Amino acid sequence: MEDCIFCKIANGEIPSSYVYETENVYVINDIAPKAKHHMLVIPKKHYKDLTEVDNVALLAELMSVVKEVTKKIGLKEYRVMINNGKSAGQEVFHLHIHILANQ
Ligand code: 5GP
Ligand code: ZN
């Protein structure tokens, strides 16, 4: 989608610090970390939030990536968060899962 920062990062139009990647999902470090570790797990395809995703395989891949990337980095204690919609605190309207850890 045009003018979407996470689509631009997925397309390589904007550089970012990639942590991990699968066929349909990528992981970057948050540009303004709110914890010692703050990563974003993002589908390469544009969905504005969780309500737009009916693809159960993608939902499974997203959570699987959460498990894989935390294991890879050695995090055992962490918080997972998705903001859906403006009133819930969403600022970037391309679905993403926050992983936050102070371990
Ligand atoms: P939201 O409030 O939408 O759930 O979270 C958006 C997150 O994206 C914020 O934590 C913000 O710091 C992060 N963010 C916004 N723009 C960029 C960017 O260009 N690169 C990276 N790596 N993170 C971004
Ligand atoms: Zn997008």
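Hi everyone, let me start with a term: a residue is buried when its relative accessible area is under 20%, exposed over 50%, and partly exposed in between, with a 1.4 Å probe and protein chains only. This is a predicted model, in which local features need pLDDT of at least 70 and side-chain atom pairs count only at pLDDT 80 or more, while totals for chains, interfaces and linings use all residues. Residues are numbered from 1 along each chain as its sequence is written, and side-chain values use heavy atoms, leaving out hydrogens and water.

Let's begin with I97. It sits in strand β5, where a strand is a DSSP run of E with at least two residues, a helix is a run of H or I with at least four, and both are numbered from the N terminus. I97 has a relative accessible area of 3%, so it is buried. Which residues does I97 touch, leaving aside those up to four places away in sequence? They are M39, L40, V41, L62, M63, V66, V80, M81 and I82, with contact meaning heavy atoms within 4.5 Å. V27 is 70 residues from I97 along the chain, and their C-alpha atoms are 9.3 Å apart.

Now the core. A nonpolar core is a set of buried Ala, Val, Leu, Ile, Met, Phe, Trp, Tyr and Cys residues joined through side-chain atoms within 4.5 Å. The largest one has 17 residues, and V27, M39, V41 and L62 touch the most other members. Two or more residues come from each of β2, β3, α2 (56-73) and β5, and α2 gives the largest share, 5 residues. Another core, of 8 residues, lies apart from it, and includes F6, C7, Y26 and I28.

Y26 brings us to the rings. Rings of Phe, Tyr and Trp (its six-membered ring) pair if their centres lie within 6.5 Å; planes under 30 degrees apart are stacked, over 60 edge-to-face, the rest tilted. That gives 1 aromatic pair. Y18 and Y26 have ring centres 5.2 Å apart and planes at 25°, so they are stacked. Are these two buried or partly exposed? Y18, at 34% relative accessibility, is partly exposed, whereas Y26, at 0%, is buried.

Key. Chains are lettered from A and ligands numbered from 1 in the order in which they are written.
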